[in-house]
Amino acid sequence: MKRLPVIEMDGITKSFPGVVANKNIHFRVYPGEIHALLGENGAGKSTLMSILAGLYRPDSGFIKVKGEKLEFSSPRKALSAGIGMIYQHFRLVNNFTVAENVILGAGKSLKMNKKQMEKETLKFASQFGFDINPSARIYQLSLGEQQKVEIIKMLYRGCDILIMDEPTTVLTPHEVNDLFNTLRVMASQGKAVVLITHKLHEVMEVADYVTVLRHGEVVGSTPIAEVDETMLAKMMVAKEVIFNEASHPLLKGDSILELCNASIFGDQGHLAVQDLNLDIKSGEIVAIAGVAGNGQRELIEAIAGLRKLHTGTISLDGKVINDLNIRQRLNLGISVVPEDRMGMGLVPNLDLLDNIILRTYYLEKYSDGIFIDYKSVRKLAEEMVEDYNIYLSDLNHPVNYMSGGNLQKLLIARELSQKPRVLVAAYPSRGLDIAAAESVYNILLQERDKGTGILLILEDLEDIFRYADRVAVMYAGGIQKILDADKTNIDEIGALMLGVEYVRKTS
Amino acid sequence: MIKAKMIKRQHESLLVDIGVPIFSILLAFIVSGLFLYFSGYDPGETFSRMLKGAFGSSYAVSETIVKAIPLMLAGLAVSLAFRMKLWNIGAEGQLYMGAFAASWVALSFGDLSSWVLLPLMFLAGFIGGAVWGFIPGALRGYWQVNETITTLMLNYIAISWVSYLVFGPWKDPASKGFPLTPRFTLSGYLPSFGDSRVHMGLLVAVVIAVLFYLVLRYSRWGYEIKVIGESQNAARYAGMNVARNMVLVMLISGGIAGITGMIEVSGITHRLQQDISPGYGFTAVIVAWLARLHPFSIIVVAFLFGALLVGGFGIQTFGIPYSIVLMLEGSILFFLLAGEFLRRYKIILVRKEEQ
Amino acid sequence: MKKFKKFGILLLVIMFAVTMVVGCGGQKAADDSDKQTAEKFKVGFIYIGTPGDAGWTFAHDQGRKYLEEQIPEVETVALESVPEGADSERSIEQLAQEGCNVIIANSFGYGDAMLEVAKKYPDIVFLHCSGLSTADNVSTFFGRIYQARYLSGMVAGAMTKNNNIGYAAAYPIPEVIRGINAFTLGVQAVNPDATVKVVWSNTWVDPTLEKQAAQSLINAGCDVLAQHADTPAVQQAAEEAGIYSVGYNSDMRSFAPNANLTGPVWNWGPYYVRAIKGAMDGTWKSESYWGGLEDGIVDLAPISDKVPADIVAKVEAKKNEMIAKTWDVFTGPIYDQDGTLKVQEGQQMTDDEKLSLDWFVKGVEGSPKS
């Protein structure tokens with residue numbers, strides 16, 4: 001059967017300052033199709049779909065919807081062309097009922113009273129097999145139910161192309177099943193669904209067709225019947241083989257930091273980390289590889305002392321430190337470079353002097369109890385700037401005028417000035433250019449050679465292979481496997497990161 | 001299509017820092033001058049009278065200072081909370097509670113000598129306001145209740161409470177039923193400078209400003225306020241107790257607003273009555289912002305603000321109705337605030353692509 | 001930090017400089033105008049509100065205009081909306097410094113400030129409306145508005161159909177309580193079955209709150225509203241509800257042509273003329289003046305056509321008795337709300353008793369405390 005595509009995107013290119021997010025992308029979706037858009041974080045999936053939803057404009061290329069060339073200047077225009085996007089954060093009015101959320105704003109609401117709205121909603125939802133109480137208020141619903149309301153809302157507004165951005169991240173396994181069934185019903189009625197995801201097994205389970213993006217380019221577009229998970233994983237992460245360049249550690253000593261059966265709650269009240277076991281030895285770099293959002297942030301905060309362990313223990317040199325706060329842990333030698341450099345690690349509007357004492361201002365070295373001794377702080381700052389080659393115009397300028405690389409060096413220098421036993425650094429090279437990233441890693445390597453245990457949280461497999469001694473692959477709140485960096489390969493780690501069991505004789 | 005967009009200025013430039021305020025002040029006087037002219041009043045004469053009313057004689061200057069003292073103190077009070085990004089707009093209520101507590105001391109222990117009574121009133125004023133700051137502070141620190149709303153609501157309670165007292169239990173039997181408390185004894189009067197009405201409150205304001213400056217700039221606690229105000233996440237990471245600091249800051253902010261109330265009853269009205277403050281607690285918010293929360297700037301801005309109010313009020317006898325005076329003051333203020341905004345943000349025109 | 005300070009001070013210096021420049025330009029003109037007015041006899045007014053309120057300050061401003069008409073040598077200035085706190089002393093002082101020969105203030109809260117300034121200016125005559133204390137150069141003055149309230153009460157009592165009259169009152173102070181009592185005595189004189197419900201608005205000038213108070217009385221079933229408040233909001237509420245109303249301060253017919261029946265009004269002009277003439281020819285003496293209908297300082301606004309002629313005649317008769325001083329409002333027997341006899345038959349309350357009234361007479365519903 002020869003069908004016409006509902007969506008044709010041709011030659012789409014979009015760049016942001018410093019990054020080309022989409023490069024000459026061709027993308028087609030047919031009616032009645034569930035089309036998975038697969039790729040790592042930062043591969044350009046969201047950008048591409050935001051262009052389709054009218055949020056961004058492409059630098060070049062065009063979009064045809066149902067054969068007609070259209071230019072979307074706003075999400076509203078895209079919506080009127082039948083394209084609806086469902087984000088991870090739902091756009092529903094919490095205090096309104098399901099019926100009100102579905103019907104209000106769709107243009108037909110004025111003539112209806114509450115009863116009629118609920119009746120209409122019920123009638124409409126049942127067409128697609130939705131089972132939902134139209135008079136319930138949004139805040140009373142689970143996230144899965146709220147997602148249903150979003151879908152109904154989009155369908156009610158006449159959308160026949162539904163884009164869903166990582167729809168399963170907020171759902172329980174049971175709800176995921178429900179969602180997939182719904183999607184299948186919708187597809188059977190001729191709607192097109194685009195599923196943005198990085199989860200391979202979901203793609204295999206529900207999609208008819210898959211397009212894989214990497215570094216902003218399409219690396220493959222194929223019916224699902226012609227691929228398997230391993231092939232997809234390879235397409236997503238494939239790179240030239242990289243050798244572990246880092247010199248091997250001079251000494252690899254005893255375990256310093258150990259986590260046993262650790263479970264940690266996330267902000268939404270779910271267990272973000274479950275039964276995690278990990279140890280870091282003196283003089284080694286352990287890298288945690290994983291797609292962001294698999295519990296890394298919670299893990300770092302728990303090590304730092306900002307988050308309590310729900311179960312399990314964390315110990316330093318064999319002593320359990322579960323009950324110690326962040327200052328006590330810093331004193332014992334746990335330094336942390338947080339992921340959010342400007343939001344947590346540094347205070348952008350304060351100057352370098354104030355930033356340098358962020359974690360130690362209360363110590364006797366810098367303060368007599370009431371006043372801070374800025375003279376000694378300045379001395380420390382000058383030393384640090386010199387030792388770590390930090391470039392800045394003035395110690396009294398707010399640090400947000402400094403470049404990313406200098407900020408990261410400052411942050412690491414500050415943490416190292418405490419002479420830690422363990423340094424935890426999250427995404428230390430994020431946003432840095434190659435030279436800056438290299439100088440940051442060099443600092444870390446030197447520190448390792450002095451015998452400090454280093455835990456890196458990384459996304460970039462290239463960096464992992466270049467610098468880590470051991471790789472712990474994190475997925476869905478647990479450590480999948482811990483591997484020696486020189487005894488594994490990129491395919492294996494890539495697969496583990498995506499929750500796929502990698503079968504290989506040598507592993 | 002061309003659209004205007006506001007973006008935050010990335011770099012501070014001297015040209016902008018100096019040019020924008022000069023321009024906005026000039027514009028304020030030009031526009032309000034035109035406004036006066038077209039309303040049939042002589043702008044030159046009007047401004048000259050305003051100036052004379054505020055600075056024209058030692059008496060005028062002293063009255064400007066009298067008006068400025070509560071603005072200084074209340075401005076300092078709110079600025080402390082603002083530094084931590086706590087929107088304390090309850091200085092008015094805290095002022096009333098301070099006035100209430102200080103009046104209680106003055107009316108109950110009037111026989112004590114000044115040396116004992118005044119410090120007691122001072123302390124009571126602080127505590128009265130501090131309690132009124134502590135409540136929203138604790139609600140915010142420990143239960144994330146929005147302090148803007150709670151401080152605003154507590155204003156009404158405090159003002160009504162004082163009304164209740166002066167109409168009811170504290171009413172002076174000799175006042176033939178008018179809502180006034182009895183006068184304080186002389187030892188409850190805050191000493192003033194010479195014959196003028198300028199009282200020791202000025203000294204209190206200056207001392208508090210200096211203390212603020214030292215604490216905020218050099219002290220450990222000032223450092224914590226700075227960091228918490230800038231980034232609560234960074235503060236947690238630094239191991240600071242964010243909630244406790246919020247409570248403490250609101251308590252002190254309220255306490256200083258309470259001292260403002262004590263100073264007004266002890267230095268000016270010498271008794272508790274309704275309307276001890278014509279909105280000082282709210283005007284203080286503007287003063288604090290125009291001064292960019294800097295303690296010394298607050299003293300100076302409050303003085304000039306007092307001048308604007310005192311000088312503006314007086315031009316009524318030139319035949320300008322009070323409503324026009326208010327518009328005049330309003331437009332001057334408007335240009336100052338707009339200028340301040342332009343100093344922080346720049347407006348750029350963006351060409352939107354045609355369809 | 002440094003930036004803050006530098007800039008703040010800069011801003012102030014500039015503000016200062018500009019004010020100076022602009023200010024000096026007009027210096028000469030100011031001096032001229034001062035000279036011009038030097039020969040006239042200058043009277044300054046301190047107003048609690050604004051003349052636009054159609055209420056208390058409006059009535060005083062009418063008096064000011066009357067004064068200017070009657071004595072051409074007099075020139076007046078006024079400061080409006082002067083708060084009763086720290087600002088009042090400065091405002092009175094300003095009028096003194098600007099060469100006023102007489103200064104009149106129209107709210108009780110100016111008392112302390114006025115006495116302070118009066119000490120410094122023994123040659124200036126100070127007149128304090130509704131004040132408490134006098135000095136050698138400070139008089140207090142007020143009018144027996146309760147007499148007019150009694151008359152307006154007679155009209156209200158005659159016009160109510162369900163014997164349910166409402167009274168929106170400002171604050172529970174003797175002046176207001178006295179007015180409510182007089183009004184109620186007037187109501188009951190013509191209609192012993194009618195009662196007066198009192199609601200406190202706790203404001204002198206706030207149209208919104210006053211209207212709310214009126215609305216609550218309308219909701220309680222009142223069919224005539226009276227007021228002790230400074231704006232016509234109560235009149236407007238009555239007009240909207242299609243019921244009757246009694247005004248206050250000035251003739252409020254124009255705000256509620258159908259509802260307004262009459263109202264007690266102030267007429268300050270004659271007193272001002274008398275006092276200023278005295279001050280001009282040196283015969284003025286400090287006094288505590290409390291005039292009544294006989295002096296014209298208080299009066300009843302014109303009575304609406306809707307009021308039957310026999311009632312109008314009765315009201316006129318009572319008014320004449322009061323002018324002739326053969327009878328006054330607080331003549332016994334007067335009972336309080338509990339039915340206790342407070343003033344014996346044939347006896348009269350003393351002025352001191354009237355000035356410190358804190359209880360309601362029989363027929364008032366409500367509490368004399370807010």
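Biologist: Which residue stands opposite S315(A) in strand 15 of chain A?
Modeller: This is a predicted model, in which local features need pLDDT of at least 70 and side-chain atom pairs count only at pLDDT 80 or more, while totals for chains, interfaces and linings use all residues. Residues are numbered from 1 along each chain as its sequence is written, and chains are lettered from A and ligands numbered from 1 in the order in which they are written. Strand 14 of chain A pairs with strand 15 (residues 319–320) of chain A in the antiparallel sense over two bridges, where two strands pair if DSSP finds at least two bridges between them. Across strand 15 of chain A, S315(A) stands opposite V320(A).

Biologist: Which residue takes a positive phi near 50 degrees in the hairpin of strand 14 and strand 15 of chain A?
Modeller: This hairpin of chain A has two residues between the strands. The residue there with a positive phi near 50 degrees is D317(A).

Biologist: Which residue in strand 14 of chain A is the bridge partner of L259(A)?
Modeller: Strand 11 (residues 255–265) and strand 14 (residues 311–316) of chain A run antiparallel and are joined by five bridges; helices (H or I, at least four residues) and strands (E, at least two) are DSSP runs, numbered from the N terminus. In strand 14 of chain A, the bridge partner of L259(A) is I314(A).

Biologist: Which helix of chain A gives the most to the side of chain A that touches chain B?
Modeller: The contact (C-beta atoms, placed from the backbone, within 7 Å) takes 24 residues from chain A and 15 residues from chain B. On the side of chain A that touches chain B, helix 10 (326–332) and helix 11 (341–345) of chain A each supply at least two residues. With three residues, the helix of chain A that gives the most to this side is helix 11.

Biologist: How far apart are the centres of domain 1 and domain 2 of chain B?
Modeller: The domain assignment, which is automatic or from a database, gives chain B domain 1 (1–41 + 320–355) and domain 2 (63–318). Nine residues of domain 1 of chain B are in contact with nine residues of domain 2 of chain B. Taken over C-alpha atoms, the centres of these two domains of chain B are separated by 31 Å.

Biologist: Is I263(B) buried or exposed?
Modeller: I263(B) belongs to helix 10 (residues 242–269) of chain B, and, leaving aside residues up to four places away in sequence, I263(B) touches I69(B), P70(B), L73(B), L190(B), G201(B) and V204(B). A residue is buried if 20 or more other C-beta atoms, placed from the backbone, lie within 10 Å of its own, exposed if 12 or fewer, and partly exposed in between. Because 28 other C-beta atoms lie within 10 Å, I263(B) is buried.

Biologist: Which strands stand at the edges of the open sheet of chain C?
Modeller: Six strands of chain C form this open sheet, in the order 10-9-8-6-7-16 and with parallel pairing. Each edge strand has a single partner strand, so one side of each is left without a neighbour in the sheet, and these edge strands of chain C are strand 10 (260–262) and strand 16 (364–365).

Biologist: Which residue in strand 9 of chain C is the bridge partner of L225(C)?
Modeller: Strand 8 (residues 224–228) and strand 9 (residues 244–246) of chain C pair in the parallel sense over two bridges. In strand 9 of chain C, the bridge partner of L225(C) is S245(C).

Definitions and conventions: Contact = placed C-beta atoms within 7 Å.
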